[in-house]
Every structure is written in structure tokens, then in C-alpha cells.
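Reader: Hi! Could you walk me through this structure?
Author: Happy to, here it comes.

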Amino acid sequence: METRMIKNVCAPAVVLGQRIVIVGGYTRRILAYDPQTNKFAKCADMKDRKMHHGATVMGNKLYVTGGRRLTTDCSIEDSASFDCYDPETDTWTSQGQLPHKLFDHACLTLQCIPHMSIHS
């Protein structure tokens with residue numbers, strides 16, 4: 001994964017379908033690892049180079065929140081971005097902005113599991 005030139009620093013990873021997806025880390029790069037074939041596949045790059053961001057999966061889509069982005073002049077800016085990756089189309093779309101800039105955070109998807117009441 002990492003080389004002397006590329007580091008996945010502060011890059012979250014999520015399970016998306018049957019693959020483990022590594023999201024950014026001082027880079028725009030998205031890599032998907034398929035444990036069944038033991039191979040990596042490159043996905044569409046994010047718009048910005050990111051680190052210290054959050055990532056989660058809902059409804060077979062990857063959502064990335066906040067973080068810090070590396071600008072074209074190599075300065076670091078905190079971010080309020082909220083972006084979505086669709087693996088079906090291999091594309092990214094903006095979902096708007098978070099209420100505040102956010103970094104060094106985690107995301108967690110909670111799924112409701114229906115339950116049946118037992119009546120006597």
C-alpha cells in the first residue's frame with residue numbers, strides 16, 4: 001500500500017460491499033481491497049487531498065466528512081466538506097457543507113434492526 005512516495009496518513013478505511021476501501025491520507029487516492037482476490041483496485045479520486053477526515057457507508061455509498069485538505073500551494077486548511085462516493089458510477093458528488101469545520105473525528109453508521117414484540 002504505502003511506498004516511499006505515497007503515505008496513507010490519517011486515512012480512514014470502510015467496508016463497502018465486499019471490499020475494504022482506504023480513503024485518502026494526504027492524497028486524493030481511493031483504493032479498494034478485495035480480500036477474495038487479494039488485489040487492490042483504484043477508484044475515482046476525491047476532489048481534494050485529504051487527511052484527518054471521517055468516512056462511513058450507508059446504502060452502498062461512501063460518505064466522507066470534514067478533515068484537513070492540502071491546497072495546491074501545500075498549505076493545510078480545515079474542511080467542512082460532506083462528499084459522497086457512488087461505487088456503481090465511480091463518481092464523487094458534494095452533499096453540501098457541515099455546520100462547522102471538523103477534523104480528527106470518526107463516523108459510525110447505525111442501522112435500525114427491526115424487532116418483533118412478543119405479546120402474551
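Author: The chain has 11 strands and zero helices, where DSSP runs define helices (H or I, at least four residues) and strands (E, at least two), numbered from the N terminus. This is a predicted model, in which local features need pLDDT of at least 70, side-chain atom pairs count only at pLDDT 80 or more, and totals for chains, interfaces and linings use all residues. Residues are numbered from 1 along each chain as its sequence is written, and side-chain values use heavy atoms, with hydrogens and water left out.

Reader: Thanks! What share of the 120 residues is buried?
Author: 37% of them count as buried. Buried means under 20% relative accessible area, exposed over 50%, and partly exposed in between (1.4 Å probe, protein chains only).

Reader: Switching topic: where is Phe-40 found?
Author: Phe-40 lies in strand β4, residues 39–43. Its relative accessibility is 43%, so Phe-40 counts as partly exposed.

Reader: How far apart are the C-alpha atoms of Phe-40 and Ile-20?
Author: They are separated by 9.3 Å, and the two residues sit 20 residues apart along the chain.
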